[in-house]
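Dear colleague,

I am passing on the structure we spoke about, and below it you will find my notes on what came out of the analysis. Please read them with the model open beside you.

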Amino acid sequence: MAWSPRHSAGRRLQLPLLCLLLQGATAILFAVFVRYNRETDAALWHWGNHSNADNEFYFRYPSFQDVHAMIFVGFGFLMVFLQRYGFGSVGFTFLLAAFALQWSTLIQGFFHSFRGGYILVGMESMINADFCAGAVLISFGAVLGKTGPVQLLLMALLEVVLFGLNEFVLLSLLEVKDAGGSMTIHTFGAYFGLILSRVLYRPQLEKSKHRQGSVYHSDLFAMIGTIFLWIFWPSFNSAPTALGDGQHRTALNTYYSLTASTLSTFALSALVGGDGRLDMPILESKLKVQDTCGVHNLHGMPGVLGALLGGLVAGLATREAYGDGLESVFPLIAEGQRSATSQAMHQLFGLFVTLTFASVGGGLGGLLLRLPILDSPPDSQCYEDQIYWEVPGEHEHLAQGSEETETQA
Amino acid sequence: MAWSPRHSAGRRLQLPLLCLLLQGATAILFAVFVRYNRETDAALWHWGNHSNADNEFYFRYPSFQDVHAMIFVGFGFLMVFLQRYGFGSVGFTFLLAAFALQWSTLIQGFFHSFRGGYILVGMESMINADFCAGAVLISFGAVLGKTGPVQLLLMALLEVVLFGLNEFVLLSLLEVKDAGGSMTIHTFGAYFGLILSRVLYRPQLEKSKHRQGSVYHSDLFAMIGTIFLWIFWPSFNSAPTALGDGQHRTALNTYYSLTASTLSTFALSALVGGDGRLDMPILESKLKVQDTCGVHNLHGMPGVLGALLGGLVAGLATREAYGDGLESVFPLIAEGQRSATSQAMHQLFGLFVTLTFASVGGGLGGLLLRLPILDSPPDSQCYEDQIYWEVPGEHEHLAQGSEETETQA
Amino acid sequence: MAWSPRHSAGRRLQLPLLCLLLQGATAILFAVFVRYNRETDAALWHWGNHSNADNEFYFRYPSFQDVHAMIFVGFGFLMVFLQRYGFGSVGFTFLLAAFALQWSTLIQGFFHSFRGGYILVGMESMINADFCAGAVLISFGAVLGKTGPVQLLLMALLEVVLFGLNEFVLLSLLEVKDAGGSMTIHTFGAYFGLILSRVLYRPQLEKSKHRQGSVYHSDLFAMIGTIFLWIFWPSFNSAPTALGDGQHRTALNTYYSLTASTLSTFALSALVGGDGRLDMPILESKLKVQDTCGVHNLHGMPGVLGALLGGLVAGLATREAYGDGLESVFPLIAEGQRSATSQAMHQLFGLFVTLTFASVGGGLGGLLLRLPILDSPPDSQCYEDQIYWEVPGEHEHLAQGSEETETQA
C-alpha cells in the first residue's frame, strides 16, 4: 500500500517554487498595472452624480457568483468520477483556476481595458477571468490524471496568453459575436487540451486502466458537479451580454435549450446502452488522444456546432427580427458597415482562427510538458491521488481492522 | 451479482421513443406557440423608452436561480438517502424536471399568458415552470424506487396538465392567494403522489426492504439536498410575489419561520428517538400508501396546514394592518369587492378544489401506470439502481480484489 | 458495535426541553419586540412615493443568499472531514445556526435597531444574524466532536450575547471599521472557542484518537464545504458594505486576495508536506487547546492580522486616495472629527476589546459547559456520531452480509 517516494529534493521544490514565482510575479504586475475602474474606485465613482443603484455591480454580480460556482464546484466535482483522483480533481481545479483568474486578468486586461498605462478592473474583469479559467479547466479535463501540478501550471501559463490573444482577434479585430463562448471558451479549451493530450500520448497507459473507472459514490460526487454546471448555465451565457432584454433573453434561451438537450440525451443513452439501461454515451476515441473526461464530446464538438450555428444566425439577421435591438446584437449590420452575409463569413473565419490558435498552442504546450524534468506521473500511477496528495489512511488502513471498513461502506 | 436483463426488444425502446416523442412534440408546440414577451424580445423591449435597469430580469433572476438550485440539487439529492438508488434519485429528477419545465411552460402559458394566439414567455414563465416541476418531484418522492422512467414520464405528462388546471381555477377563477404554493404545489403534489402510490400498492414490497434503508454516506448526500432546500426556501416563497416590500417581507418571514421550525424539529426528534438520540421522526403509515420519502409529512400535512392558515390570515386582513399595501396582498378586499370573510371562504374552497384535483388525478395516474406493458420494476428489485442504470463495478468488482474496497471505505 | 445507552431519563429530556424552552422564549420575545422595518412593512413602504426598485432587498438579497449558503453548506460540510462525525457536523451546525439566527436578531436588534420600543428588522438584520451565526460556528469548530448538543446550545446562548455586546462597543462606541468582520467575527469567534476548548481540556482524549482522522470520502465532503466558503467569500465581505462602489470594490478585493492566498497555500503545503506532497499544513498545538478544526490558523491568526492591517489602512487614509468616497469609508476622518492616526489607534483598541470579550466569555462558557449534568461525551466516544444520532446499519450491518459492503465501497 505504501508508495515509495520518487521525488528527488530538486523535484520536491518544483511545485512550491513555481507557485511562489508565479504568485510573486503576478502580485508585482498587479501592483504596477492594475487599478480600479470607474465603477469600483471610491474617488471616481463619487465624482459626478450617480445613483448607487446604477453601479454595474447590481446588474452582473448575481450572475458572476453563479459562474464562479460553476468554475469551482461544477468543474471541480465533475471530474471526481475517477475512483482514486478526487483530491486531484478538486485540488488541481482550485490551483489552476486560482492562478488563471489572476493571470487572465492581466492578459485580458492588456487587450481589453488598458487605459493610460493601467489595466482597469471591475465586475467584467472578474466574469471574463472566470471564463478564461473555464477554458483552462476544459483543457485540464483532457489530461486529467496524467499530468502533475507543475505541468498543469505551465499549461495554464501558456494557455491563458493564447486564450487572450485569440479572444482579442475574434472580438476586437474580426468583431464576431461569440454567444456562450462557443469559440473562445469551448472550442479553444477543448482542442488546446486534446492536441496537448495527443502530444503527451502514453502507449503504456493501460497500466493504470483499473483506476480509470468510477465507483458508486465517486459518481454521485460527479453528479454534484454536473448539476451545478447545468443549473447555472443560463447565468454563464447571460453574464456578459448586453443589459436588459439581452441578458434576459440569453438566460431564457439557455434554460429551454438545456431542458430539451436533457431529454434527447436520455433517449440517446437508453438507445446506446446495453439492455436499454442508461449510461453516459461512450464514444471510444480512435485517434490516440486519451481524452479522460470526454472533452471532445462535451465541449469540442458542441463548441464547433455552436460556432457554425452562430454563423448561420448572423447570416439570417434582419432588422425585422431584432427591431432596434439589432444595434446591440449585431452593431455592424445595424450600422450598415457589414451585410449579414459578411458577418456570417467573419464568424466562420473566427472559428478557423480559434482552431488554429488552439492546435498550435496545444502542440507547443504538449512539447513543453514533455520536458523530462517535470512532475509527470509514471504510466502505472496515473489517475491516482497518492502520488501528489497525502491520502488519509494510506499507511494505517490495514492495521485499523475491518470494523471501520464495514461500518463506512 | 450480475442481473439478467428482462427487457424485451420492445421494452428496450420504450424509454428512448417516449423521450423523443415528448421532446419532438414539445419542440413543435414551442415553435408554433411560444414567443418572447416584452421584457425578453429585442424589438419589443427597445420600442419605447425603458431603462435597462427596469427589466424584470434584475428583480427576479437571483431568486429564480435559487429556486432552480432547489429543484435540481435540493430535490435530486434529498432522495439519495436510499443506499442503492442514488443514480435513480438524481437522474430521474433530471429527466422529470427537464420535461416538466418545458411541458408546464406550454400548459401554464395557455392558461396565464396566451395573447393573440401566442404564449408569451419571460422570467415569470421560468419561475412558474420550476414551481410546477417542484410539484412533480414531490409526487416522485412518494413512488421513489418503485417506478420506472417511462412510468414517471407518463405521470409527469398527466400531472403537469392537472397542476396547470388547478392553478388556473385557484388563482384566476377563485382569485385566492396561495402563499408559498401551499395549495398548488405542496398539497397538490403530495396528494397526487400519495393517491397514485396507493393505486400502485405492492403487497410483496418487503422483498426489497433490505434496500429501503440508508448508509452513512448516502445520508450525507441527502443532507446536501436538505440544506439546499432549506437555505433557498426564502427565495422559493418570494420569487413570484409582488415587487418591493412584498418580496422582502416574504423572504424575511420564511427565513425566521424556518429557524423556528428547525429547533422544534430537533426537540421532537430527540423526544421520539430511541435513547434520546436524534433521527428523522418515523411515522409508519397504516394506510397501505408506501410513501418512500415521507411526502405526507413533508408536504401534504404542511401544505394543508399552510392553506388553512392562509384562510385565517385572509379572514383577519384589515386596512389597518396592511395600509395601502393591502392592494397588492388582497386586491379584492382592498377594492371592496370581497369582505375578508368571503376571501377566507374562497381560500378554503381552493383547498377543497386542490384536494379533489389531486385525488382524482392521482387515481387516474395510478391506473395508467399499472398498464403491464410499462417498465415497473419487480417487487424484488425496487430501490435498486442496477435495473435502470449501468452501475460501476457491478460485473468486475469481485475480481478487482479486496484492496480497493478497503481503501475506498 | 452496539453502544449501550448511558443516558438516564433525566438526561434524555435535556435536549428537547432546552430546544423547546429556547424556541418558546424566542418566539415570545419576537412577538413582543420585533416589527417589520420600513422596507419590509406593507403599510410603511407604500406610504410615500417609492419605486419598488429602490427597495434594499434588490441590493442585498443576492449577497445574503450567498452568505446563507456559506453558513449552512460551507461551515456544515467543512467539518465533515472527521470519518465518523458527519451527522454531528452538519446536524449541529443546523441546530446552532437556527438558534443563533433568531437569538442574535434579538440581541443585535436591541443594540442597533431599537426604535420606539421595537426592534425593526429587514434584510440587514438577516445578514447580521448570519454573521453572528458564523462566529458561533467558528467557535464550534474548536470543540467539534467533544461536546454535546445541550452544551453547544448553551455556548451559543452566551456567545451571541457577548458577540452583540462586543460588536456594539466596536462599531457604535469606538466607531471602528471592521472590514470582513476580522475582529467581530473571526477574532472573536476563534478565541471564544479556543479559550472555551482550553477550559474543557481532556487529558485522556487520545482514547478517541483513532476517530480524529478523515477517510477518503469524508475529505471530499469537506471539500464541498471548503469550496462554498471560498467562492462566496466576496459576498460575505461585501454584503454589509456601503452601496455602489463600496460593495463592488469589496467583492473585487476579496476575489483577488483569495486567488493569491490559494497559490501561496499550495506552495506552503508542498514545502511542509512529506515527500513534497500536498496536505493541509499541520501545526500541532503545544498549548493544550485541542482545536479540532484548526480554528486558530483558519480564523484566529488571520482575524488578528486583518485587524492589524485595518489599523494600518486607517492610519494611511487620505482624501487623495478616496476622494469624496472617504465619507463612506472613514466618515469621522472625512468630517475632520478624527485624524487618520487617531482612527488607527481606535482600530487597535477595538482589537484589544475583542480579545478581552472573547477570552473572558470563552472562559465563562467553558466553566458553564463543565457542569457535570450536561451531555458531554466520554473521552472514548469523542468524534463519534453514534452517541447522539441514529446511524444507519449500526445494529444490522454485520448481519446484512458482505455483498452490500463490497458493492458500495
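**The sheet of chain A**

In this predicted model, strand S1 (residues 34-36) of chain A runs parallel to S3(A), and 3 bridges join the two. One of the pairings sets Arg35(A) against Leu120(A), its bridge partner in S3(A). Strand S2 (residues 114-115) of chain A is joined to S3(A) by 2 bridges, and these two strands run antiparallel. Here Phe114(A) stands opposite Ile119(A), while Arg115(A) has Tyr118(A) as its bridge partner in S3(A). Taken as a whole, the three strands form an open sheet in the order S1-S3-S2, with mixed pairing, and S1 and S2 of chain A are the edge strands, each pairing on one side only.

The hairpin of S2(A) and S3(A) has 2 residues between the strands, and Gly116(A) takes a positive phi near 60° in it. In a regular strand the side chains alternate between the two faces of the sheet. Strand S3 (residues 118-121) of chain A has Ile119(A) and Val121(A) on its covered face, whereas Tyr118(A) and Leu120(A) are on the uncovered one.

**How the copies are related and how they meet**

Chain C can be laid on chain B by a turn of 120° and a shift of 0.0 Å along the axis, with an RMSD of 0.0 Å. That is the relation of a three-fold axis.

As to the extent of the interface between chain C and chain A, 63 residues of chain C are in contact with 81 residues of chain A. The two chains bury about 6400 Å² between them, and 69% of that area is on carbon and sulfur atoms. What kinds of polar pairing does the rule find across the interface of chain C and chain A? There are 19 residue pairs in polar contact, counting those with both residues at pLDDT 80 or more, but 0 salt bridges. On the side of chain C that touches chain A, at least two residues each are supplied by several helices, among them helix H3 (57-78), helix H8 (216-231) and helix H16 (402-408) of chain C. The largest share of that side, 18 residues, comes from H10(C).

**Salt bridges**

Over all chains the count comes to 18 salt bridges. In one of them Arg211(A) is paired with Glu384(A), the closest N and O atoms being 2.9 Å apart. Arg211(A) lies in the loop between helix H7 (182-199) and helix H8 (216-231) of chain A, and Glu384(A) in the loop between helix H15 (340-369) and helix H16 (402-408) of chain A, so the pair ties together parts that are 173 residues apart in sequence. Both partners are buried, Arg211(A) with a relative accessible area of 8% and Glu384(A) at 6%.

In chain C, Asp245(C) forms a salt bridge with Arg249(C), and the closest N and O atoms are 2.8 Å apart. These two residues both lie in helix H10 of chain C, 4 residues apart, which is about one turn of the helix. Asp245(C) is buried, with a relative accessible area of 1%, and Arg249(C) also counts as buried, at 11%. Elsewhere, salt bridges that share partners join Arg84(A), Arg211(A) and Glu384(A) into one network.

In chain B, the side chains of Glu39(B) and Arg38(B) meet in a salt bridge at 3.1 Å, N to O. Glu39(B) is buried at a relative accessible area of 14%, whereas Arg38(B) is partly exposed at 38%.

**A buried loop residue in chain B**

Val80(B) lies in the loop between helix H3 (57-78) and helix H4 (86-112) of chain B. Is this residue, Val80(B), buried or exposed? At 1% relative accessibility, Val80(B) counts as buried. Leaving aside residues up to four places away in sequence, Val80(B) touches Gly86(B), Ser89(B), Val90(B), Ser218(B) and Phe221(B), as well as Leu220(A). Val80(B) and His217(B) are 137 residues apart in sequence and 9.6 Å apart in space, C-alpha to C-alpha.

With best regards

Key
Residues are numbered from 1 along each chain as its sequence is written. Chains are lettered from A and ligands numbered from 1 in the order in which they are written. This is a predicted model: local features need pLDDT of at least 70, side-chain atom pairs count only at pLDDT 80 or more; totals for chains, interfaces and linings use all residues. Side-chain values use heavy atoms; hydrogens and water are left out. Buried means under 20% relative accessible area, exposed over 50%, partly exposed in between (1.4 Å probe, protein chains only). Two strands pair if DSSP finds at least two bridges between them. Copies are superposed by least squares on the C-alpha atoms of residues with pLDDT of at least 70 in both. Contact means heavy atoms within 4.5 Å. Buried area is the accessible area (1.4 Å probe) that two parts lose on being put together, summed over both. A salt bridge is a side-chain nitrogen of Lys or Arg within 4 Å of a carboxyl oxygen of Asp or Glu. A polar contact is a pair of N or O atoms within 3.5 Å; within protein, one must be able to donate a hydrogen and the other to accept it, and residues adjacent in sequence count only if both atoms are side-chain atoms.
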